[in-house]
Amino acid sequence: MIIPGIIKGYSYSQANLIFKDLTDADPEADVSYFDCITKSRKLMDGHKWRFFVLQLSFIGWDILACCTFGIGYIWLAPYKNATYAAFYKDLVD
(Lines give C-alpha, C1' and ligand atoms only; values in the text may rest on other atoms or scores of the structure.)
Protein backbone atom coordinates (compact mmCIF):
# COMPACT_ATOMS: atom_id res chain seq x y z
CA MET A 1 0.00 0.00 0.00
CA ILE A 2 3.01 2.30 0.12
CA ILE A 3 3.46 2.69 -3.65
CA PRO A 4 -0.23 3.50 -4.34
CA GLY A 5 -0.12 6.04 -1.52
CA ILE A 6 2.89 7.75 -3.08
CA ILE A 7 1.15 7.84 -6.46
CA LYS A 8 -1.96 9.38 -4.91
CA GLY A 9 0.26 11.89 -3.13
CA TYR A 10 1.56 13.01 -6.52
CA SER A 11 -2.00 13.14 -7.85
CA TYR A 12 -3.07 15.49 -5.08
CA SER A 13 0.14 17.54 -4.96
CA GLN A 14 -1.26 20.55 -6.81
CA ALA A 15 -4.39 20.98 -4.67
CA ASN A 16 -2.91 23.81 -2.56
CA LEU A 17 -1.95 25.81 -5.63
CA ILE A 18 -5.36 25.25 -7.22
CA PHE A 19 -7.01 26.45 -4.01
CA LYS A 20 -4.82 29.57 -4.05
CA ASP A 21 -5.67 30.30 -7.68
CA LEU A 22 -9.40 29.88 -7.12
CA THR A 23 -9.50 32.07 -4.02
CA ASP A 24 -7.37 34.76 -5.67
CA ALA A 25 -9.66 34.82 -8.69
CA ASP A 26 -12.79 35.26 -6.55
CA PRO A 27 -12.24 35.91 -2.82
CA GLU A 28 -15.96 35.62 -2.08
CA ALA A 29 -16.27 32.20 -3.70
CA ASP A 30 -16.89 29.17 -1.51
CA VAL A 31 -14.14 26.82 -2.67
CA SER A 32 -14.43 23.21 -1.61
CA TYR A 33 -11.25 21.32 -0.73
CA PHE A 34 -12.72 18.24 -2.36
CA ASP A 35 -13.08 20.16 -5.63
CA CYS A 36 -9.44 21.24 -5.43
CA ILE A 37 -8.32 17.66 -4.86
CA THR A 38 -10.41 16.47 -7.81
CA LYS A 39 -9.01 19.18 -10.08
CA SER A 40 -5.49 18.32 -8.94
CA ARG A 41 -6.04 14.65 -9.75
CA LYS A 42 -7.27 15.54 -13.24
CA LEU A 43 -4.47 18.06 -13.79
CA MET A 44 -1.74 15.61 -12.79
CA ASP A 45 -3.09 12.82 -14.98
CA GLY A 46 -0.12 11.88 -17.16
CA HIS A 47 2.29 14.28 -15.43
CA LYS A 48 3.17 12.43 -12.24
CA TRP A 49 6.43 11.11 -13.67
CA ARG A 50 7.52 14.62 -14.71
CA PHE A 51 6.89 15.89 -11.19
CA PHE A 52 8.75 12.93 -9.69
CA VAL A 53 11.78 13.61 -11.89
CA LEU A 54 11.61 17.30 -10.99
CA GLN A 55 11.68 16.46 -7.29
CA LEU A 56 14.43 13.91 -7.86
CA SER A 57 16.56 16.57 -9.54
CA PHE A 58 16.84 18.36 -6.19
CA ILE A 59 18.40 15.43 -4.34
CA GLY A 60 21.92 16.79 -4.76
CA TRP A 61 20.87 20.16 -3.36
CA ASP A 62 19.11 18.43 -0.46
CA ILE A 63 22.25 16.49 0.42
CA LEU A 64 24.32 19.66 0.21
CA ALA A 65 21.84 21.52 2.44
CA CYS A 66 22.00 18.69 4.99
CA CYS A 67 25.79 18.89 4.99
CA THR A 68 25.50 22.51 6.13
CA PHE A 69 23.40 21.38 9.11
CA GLY A 70 20.23 22.69 7.50
CA ILE A 71 21.42 26.23 6.89
CA GLY A 72 21.34 25.64 3.13
CA TYR A 73 17.58 25.18 3.31
CA ILE A 74 17.25 28.93 3.86
CA TRP A 75 18.01 29.29 0.15
CA LEU A 76 16.89 25.90 -1.10
CA ALA A 77 13.31 25.90 0.20
CA PRO A 78 12.22 29.08 -1.66
CA TYR A 79 13.99 27.87 -4.80
CA LYS A 80 12.17 24.52 -4.67
CA ASN A 81 8.81 26.18 -3.98
CA ALA A 82 9.27 28.57 -6.91
CA THR A 83 10.18 25.65 -9.15
CA TYR A 84 7.09 23.70 -8.08
CA ALA A 85 4.93 26.78 -8.71
CA ALA A 86 6.43 27.13 -12.18
CA PHE A 87 5.63 23.45 -12.80
CA TYR A 88 2.03 24.15 -11.81
CA LYS A 89 1.83 27.16 -14.13
CA ASP A 90 3.21 25.00 -16.94
CA LEU A 91 0.44 22.47 -16.29
CA VAL A 92 -2.29 25.08 -16.24
CA ASP A 93 -1.18 26.96 -19.37
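**Cysteines, aromatic rings and a buried aspartate**

The count of disulfides, pairs of cysteine sulfur atoms within 2.5 Å, comes to zero here. The model is a predicted one, in which local features need pLDDT of at least 70 and side-chain atom pairs count only at pLDDT 80 or more, while totals for chains, interfaces and linings use all residues. Residues are numbered from 1 along each chain as its sequence is written, and side-chain values use heavy atoms, with hydrogens and water left out.

Cys 67 is in no disulfide, and the nearest cysteine sulfur, belonging to Cys 66, lies 7.0 Å away. Cys 67 is exposed, at 55% relative accessible area, whereas Cys 36 is buried, at 2%. Buried means under 20% relative accessible area, exposed over 50%, and partly exposed in between, for a 1.4 Å probe and protein chains only.

Eight aromatic pairs are found in the whole structure. Rings of Phe, Tyr and Trp (its six-membered ring) pair if their centres lie within 6.5 Å; planes under 30 degrees apart count as stacked, over 60 as edge-to-face and the rest as tilted. The rings of Phe 51 and Tyr 84 have centres 5.4 Å apart and planes at 65°, so this pair is edge-to-face. Both Phe 51 and Tyr 84 are buried. Ring pairs join a cluster whose members include Tyr 10, Trp 49, Phe 51 and Tyr 84.

Asp 62 belongs to helix 5 (residues 59–67); helices are DSSP runs (H or I, at least four residues), as are strands (E, at least two), numbered from the N terminus. Asp 62 is buried, with a relative accessible area of 19%. Leaving aside residues up to four places away in sequence, Asp 62 touches Tyr 73, Leu 76 and Lys 80, where contact means heavy atoms within 4.5 Å.
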